[in-house]
Amino acid sequence: MRKAELPPLHRLIRREQAQTLLEAYTASLPGSSLALVRPDGSRLASAGEWPEIPTAELAAALERSAGQPVLETAHFTLAPVRLGSLVVGGLAARGPGQPLQALQRSLELLLDQALELREMGHETLERYRELNLLYHVGETIGACLDPAQIPSLMLADAREVLRAGLGAVLLSGGDPAAGLQLKASFGLEVQVRSLQEAAGELVARVFATGLPDLLDDLPPGKFQLEEQAAGALPVAIALCAPLKTQDRVMGVLLLGRHQGAPTFTAGDEKLATALAGQAAIALEKAWLHQQELQRQRLEEELAIGRQIQLSLLPSGCPEAPGWEFAAYYQAARQVGGDFYDFISLPGESGGLGLVIADVTGKGVPAALMMAFTRAVLHAEAPNSSSPAEVLNRANQVIYADNRAQLFLSAFYGVLEPGSGQLTYANGGHERPLWLQASSRTLQELAAPGMLLGAFQTIELGERRIQLAPGDLVVFFTDGVTEARNNNGELFDETRLRAGLLECAGVGASEVLQDILQAVQEFVGDTPQADDFTLVVIRREPEV
Amino acid sequence: MNLSVEQVEGSLPVTVLRLSGDLDASNYQALIDRVHKLYGAGTRDLLLDLSELSFMSSAGIVALHACALILRGQRPPDPEAGWEAFHALDRDLDTGLQRHIKLLSPQPRVDRALEKTGLKTFFEIYPDQEAAIASFG
């Protein structure tokens with residue numbers, strides 16, 4: 001390595017410097033003369049009466065002297081000057097008693113020192129190159145917030161600074177089984193593939209250990225023939241550096257050179273590692289930024305969902321003589337798809353449609369589904385006095401148009417305020433609880449049924465009850481029964497029932513408040529995952 | 001929720017997938033993914049053992065429905081792609097009990113959820129594993 005890079009003599013010692021040195025020696029020995037010659041016999045400096053000796057003669061003598069300390073010829077004495085094992089010049093002397101070997105030794109030491117200084121200069125240069133690169137990387141890659149762009153930005157730098165003919169950035173995706181994926185590359189495509197293939201083990205090792213490595217004898221790749229066909233020299237040299245942050249390796253930078261090109265140096269390796277490290281930090285930063293954007297979008301979406309939902313809930317409760325209505329809705333942080341509705345039905349009896357429903361899912365899709373369902377129910381309800389029929393038709397419309405993979409449970413009842421008759425069907429919803437004033441007992445409003453939106457045809461049963469004065473019915477969603485306290489326990493239907501039984505003889509609004517209070521006392525300040533909806537209707541007792 | 005798998009040879013090979021803990025919005029997708037993988041690995045008859053499942057929210061209902069679709073060889077519902085694709089596949093398969101996915105021993109709370117949502121008309125439910133395995137085929 002060092003031999004090939006050895007600079008010529010005049011780069012290691014200046015002509016004047018050599019001259020001064022030689023003159024100092026000849027001055028102490030009058031009548032003598034000295035010359036410092038290059039390997040080709042040409043003179044770099046001389047002192048005393050140095051005659052013109054043909055360069056060819058000197059060069060030939062120098063060649064002969066290579067193996068020995070000093071060579072005597074008819075015209076002069078010659079001592080080769082070596083650096084390491086390589087002859088870089090010769091010291092020729094004429095005249096009496098020259099201490100040639102001492103001078104030769106001094107010169108060699110001087111040259112060696114000069115060489116060392118030169119190398120240190122190179123090192124400094126290399127450092128400068130590295131700093132410059134990192135500064136540049138900081139400005140470009142470091143400022144990039146798009147993770148998709150960083151690999152190619154990084155390759156552009158690597159290509160320029162590391163003088164590689166081929167390059168690729170491989171990153172691991174979310175799925176470890178899928179392995180490393182090519183994110184960007186430069187160079188002939190078939191050669192990039194060839195490089196990836198031939199350097200597979202190198203890449204795997206660097207990815208696993210997080211330490212850079214290089215190879216200068218890659219085996220011929222699978223695509224060798226295609227490479228030849230494309231007129232390219234085979235790839236033979238590879239350098240691989242990890243994209244590493246403090247706690248993980250996210251991929252590698254892989255660079256390649258053709259057969260016959262100089263191998264990558266230790267300096268190249270350091271540079272590539274520094275570059276890959278910077279890119280890894282930039283990637284991490286860009287990913288975090290994207291996550292933040294996504295989180296913001298989600299928040300916005302949830303806010304929109306909440307708005308849609310709130311705008312569609314009834315602004316107040318209906319009024320009917322002899323009846324009390326109370327309703328309460330509370331959105332979870334992640335808005336769910338609860339809703340309730342009162343629909344005035346046509347006809348002389350002044351029928352009132354009562355809806356309580358819960359869309360599976362959250363956010364905008366659930367809110368839209370709720371809006372859609374509400375519209376469908378409003379459209380279907382006036383056409384039929386049969387709740388089962390209304391829910392059935394709604395199911396068909398929702399099923400046919402259910403793009404969002406959402407279901408909903410819905411209870412729909414038709415109340416005739418005059419008679420107190422409540423006819424209902426239940427599409428898979430929590431069964432409302434009917435508190436009978438006379439017996440102080442609770443009964444579930446059950447009926448055969450199924451969630452809406454999941455199946456094309458569903459079987460829905462229809463039931464009819466007679467609400468007596470003082471009776472009340474509580475409609476709710478699973479946000480009530482599945483409210484959790486900080487031990488993870490559910491509020492549960494048992495607690496709801498127990499609370500309700502204590503409410504006999506109380507007005508609808510008070511019942512609602514009592515239940516709310518019981519739930520709030522139970523959950524404390526534990527945040528709730530689901531929407532919470534309660535509707536209470538009560539037939540006023542006769543006075 | 002924990003999931004564990006066992007292969008049982010009845011007259012047909014049946015995969016028993018045991019669910020334990022709570023099935024809710026935080027993990028229902030894991031159940032769908034697992035069943036999807038099992039189907040990919042060759043499972044054609046699946047018994048979901050619910051005996052250790054203590055709670056199932058409405059998200060669990062969605063998951064059971066999705067699992068039934070997978071066992072029918074339909075792709076699992078992809079919220080992004082929408083439903084139209086498999087709606088078009090076979091509209092009249094939607095009713096009737098499922099032949100390739102059945103449920104084992106739900107606890108009372110889960111049983112109630114199945115009852116309330118109407119899914120009992122969709123899934124056969126068995127009280128013991130032997131009878132359940134024998135019912136496939």
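Biologist: What area is buried between chain B and chain A, and what share do carbon and sulfur atoms give?

Modeller: First, the basis: this is a predicted model, in which local features need pLDDT of at least 70, side-chain atom pairs count only at pLDDT 80 or more, and totals for chains, interfaces and linings use all residues. Residues are numbered from 1 along each chain as written, chains are lettered from A and ligands numbered from 1 in the order written, and side-chain values use heavy atoms, without hydrogens and water. Buried area is the accessible area (1.4 Å probe) that two parts lose on being put together, summed over both. For chain B and chain A the value is about 2400 Å², with a carbon and sulfur share of 52%.

Biologist: How many residues does the contact take from chain B and from chain A?

Modeller: Contact means heavy atoms within 4.5 Å. The contact takes 25 residues from chain A and, from chain B, 26 residues.

Biologist: How many salt bridges are there between chain B and chain A?

Modeller: A salt bridge needs a side-chain nitrogen of Lys or Arg within 4 Å of a carboxyl oxygen of Asp or Glu. One pairs B:Arg112 with A:Glu444, with the closest N and O atoms 2.6 Å apart. Between chain B and chain A the count is six.

Biologist: Which helix of chain B gives the largest share of the side that touches chain A?

Modeller: Helices (H or I, at least four residues) and strands (E, at least two) are DSSP runs, numbered from the N terminus. Strand 3 (46-56), helix 2 (58-71), helix 3 (84-89) and helix 4 (108-117) of chain B each supply at least two residues of that side. The largest share, five residues, is from helix 4.

Biologist: Which residues is A:Ala199 in contact with, leaving aside neighbours within four places in sequence?

Modeller: A:Leu214 lies 15 residues away in sequence and 9.5 Å away in space, C-alpha to C-alpha. The contacts of A:Ala199 beyond those neighbours are A:Leu218, A:Ala238 and A:Leu254.

Biologist: Which residues of helix 7 of chain A are buried?

Modeller: Their cover includes strand 6 (166-172), helix 8 (200-209) and strand 9 (235-244) of chain A. Helix 7 spans residues 189-198, and its buried residues are A:Val190, A:Gln191, A:Val192, A:Ser194, A:Leu195 and A:Ala198.

Methods
Buried means under 20% relative accessible area, exposed over 50%, partly exposed in between (1.4 Å probe, protein chains only).
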